[in-house]
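Subject: Structure handover

Hello,

Please find the structure below. My notes come after it.

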Amino acid sequence: TLRIYTVNPVTTLVIPLNTTYLSSGTSRNFQCNTTGSSLDSQFLYSNFSGAFSLNQTISGITSGVVSNYYKNFSDGMYLWSCAANRTIAGVNTFSFQGNFTFTLDTLAPSLNISPIITTLGSQTVTANTNTTDRNINNCTYAIYNDVGAVDGLNNNVTFTCNSPITATVTAFNTYSFYVYANDSAGNLNSS
């Protein structure tokens, strides 16, 4: 007989948190905590190998003690969960918390900027960018004058990635134009 209980045992997913973006390392620690009496085993389920299935078992768990699972994997989006069971008088009870997701993204966005277009007698400049990243979050630009100071309000200006940028500088001068792309995992690239 298989019975699902929500009171005893109770399993909680600790880390990584749900909908987390991770930016470094291919080795990760997964933590689960199970409370209850007469506990037998705890199970890590995941889709690390492609299909969502049992990945690892820890036997002889103690109530309230966090279990650690160390796994290696490559960039991608993953599902994971933990479950636990206990057996009393021949009755097997099972606890399962829903799936958490996380994304491992170790690569910075790809970013290219086209030649900057200026018009004679105008202080307006235009540029096009090409940004590629599975988890792109935002794009910004900054313009610096010939002594390295930010030109007017042209600092950390957000624009829609892969769309034209039009900016106006404060005077006729020589400028440095920087574009930044940031993904959801915090990876940053500039051009």
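The notes cover the pocket and then the strands.

This is a predicted model, in which local features need pLDDT of at least 70 and side-chain atom pairs count only at pLDDT 80 or more, while totals for chains, interfaces and linings use all residues. Residues are numbered from 1 along each chain as its sequence is written, and side-chain values use heavy atoms, with hydrogens and water left out.

The largest pocket has a volume of about 230 Å³. A pocket here is an open set of points on a 1 Å grid over the protein atoms alone, where a 1.4 Å probe fits, with protein on both sides within 12 Å along at least five of seven lines; lining residues have an atom within 4 Å of a point. The volume is the space filled by probe spheres set on the points, which are joined across faces, edges and corners. There are 16 lining residues, and Thr118, Val125, Val169, Asn173 and Tyr175 are the closest to the centre.

Strands are DSSP runs of E, at least two residues, numbered from the N terminus; two of them pair if DSSP finds at least two bridges between them. Strand β13 (residues 124–127) pairs antiparallel with β12 (residues 117–118) over two bridges, with Ile117 and Thr126 as bridge partners. Five residues separate β12 and β13 in a hairpin, and Gly121 in its turn has a positive phi of about 85°. β13 also runs antiparallel to β17 (residues 165–168), joined by four bridges; Val125 is partnered there by Ala167.

Regards
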